[in-house]
Number of protein chains: 2
Amino acid sequence: MPHHADFAPHDHAACISTALHAADAACAARGAQLTPVRRRTLEILLESHAALGAYDLLARLATDGFGAKPPVAYRALNFLVDQGFAHRIEGLNAFVACARPGTDHAPAFMICRTCGTVAEADSDPGVGLRDKAASAGFQIEQTVVEAQGLCPDCQPGAAA
Amino acid sequence: MPHHADFAPHDHAACISTALHAADAACAARGAQLTPVRRRTLEILLESHAALGAYDLLARLATDGFGAKPPVAYRALNFLVDQGFAHRIEGLNAFVACARPGTDHAPAFMICRTCGTVAEADSDPGVGLRDKAASAGFQIEQTVVEAQGLCPDCQPGAAA
DNA sequence: ATATGTGATGTTATACTATTACAAGGCTTT
DNA sequence: AAAGCCTTGTAATAGTATAACATCACATAT
């Protein structure tokens, strides 16, 4: 039973509700508030396996009756990122829901340039970087590891 | 004698002129034109071990008598990136000169959050990512690997 | 020597991404 | 009721990037 770290199909409704409940629980445990805007923002991210820009998100939030100004979206997104429920994709100036909330991880992403799907790898592939950093005396605090390319479905000769 | 892949001091004037001549040669070999704006842009990047934003660069170019509108900077930067003489640092929306022009490489960067220095690692630390991608059936075209943290000089207790 | 094509540069305008600063509301604690 | 804290809403602005069009320089072909 694969989690969706890869590009395999899965029960999307279930994965959304699981993630949402995990977030509820984590917030309760930490004393953080998963307010309506924040919860809805997470839900929107979870509905898409592609990364969403802050303004795309904002448009959807506005439709749902929330504020329509940029800070509304950025605040919710920053909250989710801080809590580890979402990640920022630097290469796209966009955001995705975290594929394994609750675990402390240094994520790596595979981003399809055709369909925009973003898959989160389930362990830190930047291992080699740690060795380099250690030998240079550099103290790593955060890593960004992103690969752009073609997902299985978008490669020439891919099954429809 | 280390190249400046790490944070060690080095003969900066020499490293600039070497890089500039390497770029001249590479352009000649490829039929690309290292025009005055482009050459000056590379020179400016080489003078700094920190990443420069497009608008910082633009201001310096304007001082030197080149055009002062954004496309002037972005075009020169894109040229340098295309030719492999510079890299874009996604995490900073900024650019650095390439530490090893002419070699075909998937760069990885260590970015000091205090002094802004950017060091380019001299081999691909994203190796683990390739395995992940292979098993997911994802075809990598390009990678972004960036670590943020503290360089040796900026760590608590670093020598002045 | 003219005409044509190509690539580089310059400029205008605009789009996209993100933050600062301030006003207002809800909740808890005192 | 007052004070403090957090969250939301809004206005204004800052920072990053590109599209579209005009022009110029140079090379080549006529």
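Me: How many residues of the surface near DNA strand D are nonpolar, how many polar and how many charged?

Reply: In this predicted model, the surface near DNA strand D is made up of 13 nonpolar, 5 polar and 3 charged residues.

Me: Which residues are closest to DNA strand C?

Reply: The closest are A:Pro70, B:Thr35, B:Gly67, B:Lys69 and B:Pro71, out of 20 residues that surround DNA strand C. Here α3 (54-63) and α4 (70-82) of chain A join α2 (36-47) and α4 (70-83) of chain B, each with at least two residues. The most, 4 residues, is given by α4(B). By class, the surface near DNA strand C has 12 nonpolar, 5 polar and 3 charged residues.

Me: How many residues of chain B are in contact with chain A, and which elements give two or more of them?

Reply: Contact is made by 33 residues of chain B with 33 residues of chain A. On the side of chain B, the elements giving two or more residues are β3 (108-112), β4 (118-121), α5 (127-136) and β5 (139-150). Of these, β5(B) provides the largest share, 12 residues. This side of chain B has 18 nonpolar, 10 polar and 5 charged residues. The copies meet through the same surface, because 100% of the interface residues of chain B are also interface residues in chain A.

Me: In what sense do β5 of chain A and β5(B) pair, parallel or antiparallel?

Reply: Strand β5 (residues 139-150) of chain A and β5(B) pair in the antiparallel sense, over 11 bridges. Within this pairing, A:Ala147 stands opposite B:Thr143.

Me: Which residues of β4(B) point one way, and which the other?

Reply: In a regular strand the side chains alternate between the two faces of the sheet. In β4(B), B:Val118 and B:Glu120 point one way, B:Ala119 and B:Ala121 point the other way, and all are buried. The strand runs antiparallel to β3(B), to which 4 bridges join it; B:Phe109 stands opposite B:Glu120. β3(B) and β4(B) form a hairpin with 5 residues between them, and B:Gly116 in the turn has a positive phi of about 80 degrees.

Me: Which residue other than glycine has a positive phi in chain A, and where is it placed?

Reply: A:Asn93 has a positive phi, near 50 degrees, and lies in the loop between β1 (86-89) and β2 (94-97) of chain A. In chain B, B:Asn93 has a positive phi of about 45 degrees and is found in the loop between β1 (86-89) and β2 (94-97) of that chain. B:Asn93 counts as partly exposed because 13 other C-beta atoms lie within 10 Å.

Me: Is A:Cys151 buried or exposed?

Reply: The test is a count of neighbours: a residue is buried if 20 or more other C-beta atoms lie within 10 Å of its own. A:Cys151 has 25 within that distance and is therefore buried. Its place is in the segment after β5 of chain A. A:Cys151 touches A:Phe7, A:Cys112, A:Cys115, A:Thr117 and B:Phe138, not counting residues up to four places away in sequence. A:Gly116 is 35 residues from A:Cys151 in sequence, with 9.1 Å between their C-alpha atoms.

Notes:
Residues numbered from 1 in each chain as written. Chains lettered and ligands numbered in written order. Predicted model: local features only at pLDDT ≥ 70, side-chain atom pairs only at ≥ 80, totals over all residues. Contact = placed C-beta atoms within 7 Å. Near = placed C-beta within 6 Å. Nonpolar A, V, L, I, M, F, W, Y, C, P; charged D, E, K, R; others polar. Pairing = 2+ DSSP bridges. Buried ≥ 20, exposed ≤ 12 C-beta atoms within 10 Å, placed from the backbone.
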